[in-house]
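Subject: A structure for you to explore

Hi there,

I'm passing on a protein structure for you to look through. Please open it first, and then read my notes alongside it.

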Amino acid sequence: MVLLVILALCFLFAGAAMGIGGFLRARDLQARLDRLEQDLNAFRAEVRAAPSDGAASERGVQGPWGTAESDEQAADEQEPPKETATADSGQAIPEPVGGKAPQMPPAVPGRPRASLEERIGTRWAVWVGGLALVLGGVFLVRYSIEAGLMTPAARVISGALLAIALVGGGEWLRRKHMPGETGGPAYIPGVLTLAGTTTAFATVFVAHALYGLVGPGLAFLLLAAVALLTLAASVLHGPAVASYGLLASYVIPFLVSSDQPALWPLAIYGLFVSLAAYGVARLRLWRWLALAAAGGAFFWGHVLAYASSGPWDAGALAFYNLAIFAMAAFVFVTSLYPRDPGAGADRQDWPAALVLFLHALLAYYLLQVGEFGTLSVAVLAIIAVTLMVVASEWPVVASAAVGGSALMILGYLSWEVPLSPTDLAPFVSARDRVSLAFSNPSAEAFPTVGVAFALLSGGIGLWGTLRSTGRPALAAAGVATPLALLGIAYFRVAPFETSMFFGALALVLAAAFLAALAFLDRRLPDGASGREAALAAYTVGTVGAIAMGMSILLQDGWLPVGLALLAAGTVWVRQKWPLPALSWVALGVAVLTCLVIAYDPTIVGADRLGRTPVFNALLYGYGVPTLAFAYCAWQLRDARGVPQQAFEALAMFSALVTLAVLIHHAMNGGAFYAPADTLGEWSLHTLVLLSGSLAAQRLDGISGSPVLAKGSLAFGVLGFLSAAGLHLFSLNPLFSGEPVGGGILFNLLFVAYLLPAVLLAAIARWAGPSRPDWYRQLAGWLAGAMMFAWISLEVRAFFHRPNLDVFATSAAELYTYSAAWLLFGLALLVVGFRWQSRMIRLASGIFVLAAVAKVFLFDMAGLDGAWRALSFIGLGAVLIGIGLIYQRLLMRQGPAAEEKPQAV
């Protein structure tokens with residue numbers, strides 16, 4: 001036993017000796033390094049001397065957390081002095097600055113990299129020595145317990161004396177041998193202090209948890225005192241002690257348990273810990289410690305919320321929330337930056353704004369614990385208002401105004417919704433929480449709180465917008481909060497109902513925003529920082545409030561009409577009051593109009609739409625927005641920006657959709673959701689697409705709009721796909737059996753094949769040079785195919801109408817096919833010569849060859865008698881006529897008959 005004691009004591013003293021030896025070695029090296037740095041700084045300061053005081057003062061500016069560049073960094077950033085070579089040494093020396101040559105001190109060699117000996121002697125020895133001291137004390141206490149050498153009280157007293165000795169030794173070393181030093185990678189006083197505070201923590205915890213010598217209250221106070229003293233000691237001993245003290249401060253309450261926990265002591269303890277940490281951080285300008293303290297304070301707020309047991313704990317939570325928020329505002333904003341709302345901020349201090357918002361979020365727990373009582377609502381309002389005021393007075397954290405807005409909105413939305421930690425225990429599903437969020441709140445204070453929040457946010461937002469350079473964020477908060485509160489109140493009190501009360505409130509809010517907009521436009525000078533953004537925010541608020549009022553008041557499908565007219569009115573106002581944001585606001589309203597129509601494509605509901613074709617709710621529900629979008633595009637034609645092009649695209653798309661829904665409703669007897677699976681309906685859709693392509697192509701030639709150019713191509717390609725895929729194959733009446741009608745010429749085939757062929761030919765013929773070649777050629781070949789299909793199906797209909805899917809075929813019908821195809825080929829040949837188009841002449845040759853193949857392959861076997869003779873006679877006559885045409889026209893013209901490049 002004695003041997004073990006001796007070994008432990010040797011280990012303890014050996015560690016202490018190593019620490020002291022390392023300390024002496026480190027002090028010598030530190031002194032040498034200080035002398036070298038002083039010489040080097042003196043040289044750099046003389047070289048860096050500026051010719052004017054202004055430049056020197058600019059270089060002397062420091063950041064709020066002492067993060068301004070050091071002398072070395074500033075010297076590196078400035079332009080190095082020009083160098084000239086000396087005649088005797090051949091080395092470069094700096095040219096004189098300001099006409100005076102600096103005195104050259106002796107050359108200072110660069111600091112060599114630390115050797116292994118230096119690292120062992122100055123760093124590793126210190127930390128290993130400190131660890132050895134702690135472990136030695138632990139082993140000694142353990143041995144005393146196992147051997148029963150001391151009573152529990154004596155062990156605790158011995159641990160306390162050891163802790164005092166270690167802390168006292170560290171302080172003695174700091175005062176005696178290291179005055180003015182505060183930390184470093186191998187700072188021996190700090191290591192001894194950490195060892196002492198660790199021993200103190202262990203001693204108090206053992207006295208409480210193992211021996212029961214002190215009760216929970218006294219143990220808590222002692223541990224808290226040790227933690228706070230550790231934080232205070234970090235002012236003298238550096239960051240390592242500070243981080244250790246902060247971590248230990250938040251761990252202590254979990255080490256001591258009590259049968260009767262109280263929330264007030266926990267709240268006060270958390271405030272004292274945060275106050276100590278913030279004080280050290282502010283005194284030493286350690287931002288990392290301030291952020292760590294903010295994270296700890298935020299964490300402690302959650303701990304308090306989980307430890308709360310009912311509304312009677314709301315006072316402690318309220319006190320903690322207000323105090324911790326005030327500390328954060330002081331440390332991160334008010335004590336660092338000057339209060340000057342008129343000064344522009346070069347950058348936003350996002351970490352500070354985030355810390356303030358996170359501290360403000362703790363008020364949600366208070367709302368739940370306090371059951372939305374007067375105290376909890378008042379605290380939330382105070383914190384939200386303070387956020388907006390701080391954002392106004394200190395523009396460097398102007399973004400905090402958005403946090404104040406979000407705090408009010410989320411707090412109002414969470415009214416009577418179970419979100420607190422105590423409500424999470426009996427599991428409440430997310431679906432139930434959402435349903436509660438949109439249910440009718442029973443509290444009488446709900447509308448009063450909403451009005452109060454709206455007045456506070458709107459008033460402070462306008463006040464801050466008028467006087468602060470952070471006006472964009474303040475204007476956004478002042479506009480968004482009242483709008484969101486009104487929307488929340490409407491959806492929770494009278495969801496999707498026509499309410500004159502809420503509709504009138506929305507229009508009153510719009511009038512207030514409009515008055516604020518006019519007031520700010522007069523009071524803010526043109527060059528004011530953020531002026532345009534602030535005016536845009538109030539413009540959006542005005543239009544948004546009007547749109548909300550329309551949504552609440554209008555029924556029977558008039559909402560999309562009202563929104564579309566609102567977009568047109570906004571563009572009209574822009575012509576009179578040229579604010580750049582108005583065009584974007586109008587575009588946003590137009591997009592909202594499209595979303596409303598997409599939500600209910602029938603405008604008034606399928607059961608109320610009726611069967612009357614064309615003249616129904618679809619006409620004004622789709623037609624008025626189309627005209628409004630076209631008006632907006634026309635009014636913005638001089639701007640030629642994104643909003644104008646977007647309005648052009650919306651106008652084209654909505655015009656197409658308007659005709660499509662009217663056609664679908666009419667062709668299906670009023671059944672809006674019936675499938676579109678007939679050739680008759682798709683024929684009209686194809687005609688709309690091809691006509692729209694031609695119209696957009698024509699307008700593009702007049703205005704030169706890229707949107708119209710691309711839109712015409714898009715409509716044309718969609719028309720091509722519809723004609724080729726549906727008309728020729730999927731919905732072909734020869735395969736589907738759809739009746740074509742009883743008329744010989746004017747029947748379904750006329751609409752489904754002949755008219756599309758004519759439009760396709762027009763597209764191919766009049767497509768400008770801006771259209772790609774494949775587009776014109778595809779339109780031309782598809783026009784020929786549609787015309788050939790019409791001729792063939794028309795012959796079939798002449799013999800078998802109204803149904804074409806019969807299998808019987810007569811000799812007269814076979815002969816008529818041959819004659820019709822030959823005449824069609826001959827007609828194409830004439831047109832090809834008339835337009836000097838080789839492509840059309842080649843197409844005529846293909847159809848003539850098809851007729852020749854049919855005569856020799858089918859008519860020879862399928863026809864007999866006079867029909868077969870007439871078939872061959874007609875074929876021969878047509879072929880001879882074609883040869884005659886080529887001889888008389890093409891050969892005579894020679895090269896002049898070549899195709900013109902622009903013709904098709």
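Below is what I found, going from the whole chain down to single residues.

Please keep in mind that this is a predicted model. The protein chain contains 33 helices and 2 strands. Of its 904 residues, 45% are buried. The accessible surface of the chain is about 44600 Å², and carbon and sulfur atoms hold 69% of that. Among contacts in the chain with a separation of 6 or more, 73% are between residues 24 or more positions apart.

**The inside**

Which residues have the most contacts inside the largest nonpolar core? They are Tyr-320 and Phe-332, in a core of 105 residues. Helix 11, covering residues 314–334, supplies the largest share of this core, with 14 residues. If you click on Tyr-320 and set aside residues up to four places away in sequence, you'll find it touching Ala-267, Gly-270, Leu-271, Ala-297, Trp-300, Gly-301, Leu-304 and Leu-362. There is also a second, separate core of 43 residues, and Tyr-753, Trp-790, Val-848 and Val-852 are among its members.

**A nonpolar patch on the surface**

Nonpolar residues turn up on the surface as well: Trp-264, Ile-268, Phe-272, Leu-275 and Phe-319 form a patch there, with about 500 Å² of accessible area together. Helix 9 (residues 263–284) gives the most to this patch, namely 4 residues. Phe-272 sits in helix 9, and it counts as partly exposed because its relative accessibility is 46%.

**Salt bridges**

The whole structure has 9 salt bridges. One of them pairs Arg-287 with Asp-349, whose closest N and O atoms are 2.7 Å apart. This pair links distant parts of the chain, 62 residues apart: Arg-287 belongs to helix 10 (residues 287–307), while Asp-349 lies in the loop between helix 11 and helix 12. Is Asp-349 buried or exposed? Its relative accessibility is 1%, so it counts as buried. Arg-287, at 23%, counts as partly exposed.

Another salt bridge joins Asp-773 and Arg-776, with N and O atoms 2.2 Å apart at the closest. These two are 3 residues apart in helix 30 (residues 773–800), so about one helical turn separates them. Asp-773 is partly exposed, with a relative accessible area of 46%, whereas Arg-776 is buried at 14%. Elsewhere, salt bridges that share partners connect Asp-521, Asp-526, Arg-531 and Glu-532 in one network. Within that group, Asp-526 and Arg-531 meet at 3.9 Å, N to O. Asp-526 is exposed, at 68% relative accessible area, but Arg-531 is buried, at 6%.

Ala-480 is part of helix 19 (residues 471–493), and its relative accessibility of 35% makes it partly exposed. Apart from neighbours within four places in sequence, Ala-480 contacts Ser-405 and Ile-409. Ser-457 is 23 residues away from Ala-480 in sequence, with 9.0 Å between their C-alpha atoms.

Ser-499 is in the loop between helix 19 and helix 20. With 12% relative accessibility, Ser-499 counts as buried. A polar atom of its side chain lies 3.3 Å from the backbone nitrogen of Phe-502. Leaving out neighbours within four places, Ser-499 is in contact with Tyr-490, Ile-552 and Leu-553.

Enjoy exploring!

Best wishes

How values were computed:
Residues are numbered from 1 along each chain as its sequence is written. This is a predicted model: local features need pLDDT of at least 70, side-chain atom pairs count only at pLDDT 80 or more; totals for chains, interfaces and linings use all residues. Side-chain values use heavy atoms; hydrogens and water are left out. A nonpolar core is a set of buried Ala, Val, Leu, Ile, Met, Phe, Trp, Tyr and Cys residues joined through side-chain atoms within 4.5 Å. Buried means under 20% relative accessible area, exposed over 50%, partly exposed in between (1.4 Å probe, protein chains only). Contact means heavy atoms within 4.5 Å. Patches are made of residues with over 30% relative accessible area and no salt bridge: like charges are joined within 9 Å, nonpolar side chains (Val, Leu, Ile, Met, Phe, Trp, Tyr) within 5 Å. Accessible areas come from the Shrake-Rupley method with a 1.4 Å probe; for residues, only the protein chains shown count as cover. A salt bridge is a side-chain nitrogen of Lys or Arg within 4 Å of a carboxyl oxygen of Asp or Glu. A polar contact is a pair of N or O atoms within 3.5 Å; within protein, one must be able to donate a hydrogen and the other to accept it, and residues adjacent in sequence count only if both atoms are side-chain atoms.
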